[in-house]
Amino acid sequence: MSTTSDIRKGAVIKHNNNLYVVVEFQHVNPGKGAAFTRTRMKDLASGKVIEITYKSGESVEIVEVQFQTMQYLYQTEGRYAFMNMNNYEQIEMDADSIGDDAKYLKEGLDVVVGLYEGRPVSIQLPKKVQYKVVEAPPAVRGDSAAGNVTKEIALDNGLKIQAPIFIKEGEEVLVNTETGEYSARA
Amino acid sequence: MSTWSDLKHNPRLKKIFDQRIKIVRLIREFFWSQGFVEAETPLALRFASQEPYLHFFPVMVTHATGDEYRFYLRTSPEFALKKLLAAGWNKVFEIGKCFRNHEDFGGTHNPEFTMIEWYRAPGTYQNFMDDMEELFKFVGKELLIETLRYKDKEIKVNQTWERMSMKEVWEKYVGVDLDNNLTIEQLSNTARGRGYSVGNKDSYEDIFFKIFLNEIESHLGIERPMFLYDYPAQMASLSRLCHHDPRYAERVECYIGGLEICNGFGELTDSDEQKRRLEVDRAVRHQLGKETWPVDEDFIAALKSGIPANLSFQPERSPVPYGTGRGVAEKSRLAKTSRDPSAALGMTDKAAGIALGVDRMILLFTGARDINEVIFQSVNDQLTINN
């Protein structure tokens with residue numbers, strides 16, 4: 001039997017006979033007391049997100065999930081296609097399972113897909129992803145004086161972010177996929 | 001992330017750090033203006049406190065002769081500040097770093113964090129609830145921030161904060177009378193009846209928090225900030241038992257948007273009882289296979305000498321009138337569940353103190369997404385920065 005220390009983002013837990021994929025987890029020590037593990041997880045059948053807190057060390061039923069690096073291919077009609085580059089097997093996921101992460105996908109991006117009984121249940125993005133800047137309005141004289149230290153730029157996958165005013169079209173930038181913010185020039 | 005490069009390139013993080021600098025300064029201004037003095041006490045302690053579930057950072061202190069001594073980084077300045085109360089100070093605060101190992105590197109935790117603790121002797125836990133509410137309103141007013149943010153929740157700071165007893169929240173959210181769940185047998189039955197697994201090794205506190213964390217905590221402080229007070233005596237820690245019902249203890253926590261940001265006590269000043277509890281905690285540490293050290297006898301001696309040291313010092317009324325005025329219903333409830341703070345100093349109003357997590361306070365005022373965004377070079381940043 002697994003314990004709470006085996007809980008990871010993307011792990012699948014069987015709870016009251018339902019299967020849940022872990023979206024987020026955190027350790028809590030209420031009032032200097034024993035440790036607990038707070039887990040936010042999504043019901044694989046209904047998509048509903050629930051929060052359950054376990055005493056740390058308590059046993060939980062974690063079902064086996066295979067984690068596989070796959071390359072993002074394309075999206076059609078809300079279906080996202082990924083390919084396992086070792087055996088060229090292709091899988092599809094719906095927009096609900098990918099959630100907000102969809103906006104960071106770009107053709108050829110490697111992500112880690114969690115597979116439960118062959119069925120994709122989660123993806124994990126790299127912490128930072130490199131994009132090419134396709135649109136960056138030139139900085140205007142007086143910008144800094146007016147307190148405008150950032151401007152909106154558009155990236156090659158359609159994502160728009162705030163970036164420092166010195167960023168130019170055609171440059172490569174790194175974006176933090178946890179916050180959606182500009183991180184650095186690549 | 002909050003590294004120099006983030007601060008240079010990301011105006012949102014730069015603003016958060018600028019706000020942090022202002023908030024820390026305003027905290028100091030607030031406490032000085034309320035007649036407190038700021039103390040500095042050691043970070044490295046020969047005899048640290050005894051909390052069974054905290055993990056201490058050991059540090060070696062070496063004399064010029066080569067003699068070595070094992071010290072521990074403080075998890076809180078509590079013992080040292082109470083010794084200053086015994087030395088004769090009546091209102092004292094300290095803002096500084098504390099250390100707890102084996103915590104998350106992110107979310108709402110960093111192993112090194114900033115805490116403010118303040119103590120009043122004499123004082124009651126009602127006094128420091130007032131202090132805390134005033135502090136937040138003062139900082140909000142100075143920074144022109146009306147809304148505290150945590151995750152997707154928004155809480156207006158400038159309303160009257162809610163105050164509820166633990167018994168009241170159990171009744172409201174679990175539908176259970178806590179008076180009938182104060183033994184491990186009773187509470188185990190209740191927990192099993194609600195579908196929780198209860199193990200032989202689970203303590204009262206473990207079972208209590210299983211229910212509390214799953215069914216109660218996320219509701220707390222959502223509409224307005226909330227003080228939760230009077231914990232079952234099993235979780236008294238360093239607090240004294242309630243005057244009105246010794247099955248409960250004068251322990252207070254404050255929740256904002258479901259986030260716990262402080263822990264305070266009507267302080268236990270009985271040296272014998274304090275020593276007994278610390279020895280019990282030390283035994284639990286031993287049982288859990290954790291490193292142990294002797295109880296700080298100097299702390300016990302300080303309590304024995306008497307707190308407050310100067311009994312002619314008069315207890316205070318609430319220092320500043322509220323802008324909004326406390327609701328009548330709340331007032332009458334408070335009157336029922338606590339002593340009048342302006343009552344003459346009795347045996348049970350000797351001291352009160354509270355610890356507030358400053359990083360979490362800044363997170364609420366700035367709407368930062370994570371504790372790492374309010375701390376310059378958090379542990380997580382340092383681990384990832386050169387990779």
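In this predicted model, Pro122(B) is placed in the loop that runs between strand S6 (112–120) and helix H4 (125–143) of chain B. The peptide bond that joins Ala121(B) to Pro122(B) is cis, with an omega of about 5°. A cis peptide bond also joins Ile307(B) and Pro308(B), and there omega is about -5°; Pro308(B) has its place in the loop between H9 and helix H10 (328–337) of chain B. A further backbone feature is found in chain A, where Glu77(A), a residue other than glycine, has a positive phi, near 45°. Glu77(A) lies in the loop that connects strand S7 (66–76) with strand S8 (79–84) of chain A. These features deserve mention because most residues other than glycine have a negative phi, and most peptide bonds are trans.

Within chain B, the packing of two helices was examined. Two packed helices are described by the angle between their axes and the distance between the axes. For helix H3 (residues 78–87) of chain B and helix H9 (residues 297–305) of chain B, the angle is about 35° and the axes are 9 Å apart. The crossing in which H3(B) passes H9(B) is left-handed. On the side of H3(B), the contact is made by Phe79(B), Lys82(B), Lys83(B) and Ala86(B), which meet Asp298(B), Phe299(B), Ala302(B) and Ser305(B) of H9(B). Sorted by class, the residues in this contact of H3(B) with H9(B) comprise four nonpolar, one polar and three charged.

Chain A is divided by its domain assignment into domain 1 (2–63), domain 2 (66–124) and domain 3 (128–185). The centres of domain 2 of chain A and domain 3 of chain A, taken over C-alpha atoms, are separated by 27 Å. To the contact between them, domain 2 of chain A gives five residues, whereas domain 3 of chain A gives eleven residues. About 580 Å² is buried between domain 2 of chain A and domain 3 of chain A, and 60% of this area comes from carbon and sulfur atoms. Of the area that domain 2 of chain A buries against domain 3 of chain A, 86% is supplied by Lys103(A), Tyr104(A) and Lys106(A), more than by any other three residues. The count of salt bridges between domain 2 of chain A and domain 3 of chain A is zero.

The contact between the two chains was then considered. It takes 27 residues from chain A and 33 residues from chain B. Together, chain A and chain B bury about 2,500 Å² between them, with 45% of that area on carbon and sulfur atoms. Seven salt bridges are counted between chain A and chain B. The side chains of Glu217(B) and Arg38(A) meet in a salt bridge, with an N to O distance of 2.7 Å.

Terms used:
Residues numbered from 1 in each chain as written. Chains lettered and ligands numbered in written order. Predicted model: local features only at pLDDT ≥ 70, side-chain atom pairs only at ≥ 80, totals over all residues. Heavy atoms only, no water. Axes fitted to C-alpha atoms, helices over the stretch in contact; angles between N-to-C directions. Helix = DSSP H or I, 4+ residues; strand = E, 2+ residues; numbered from the N terminus. Left-handed = near helix turned anticlockwise from the far one by under 90°. Contact = heavy atoms within 4.5 Å. Nonpolar A, V, L, I, M, F, W, Y, C, P; charged D, E, K, R; others polar. Domains from an automatic or database assignment. Buried area = accessible area lost by both parts, 1.4 Å probe. Salt bridge = Lys/Arg side-chain N within 4 Å of Asp/Glu carboxyl O.
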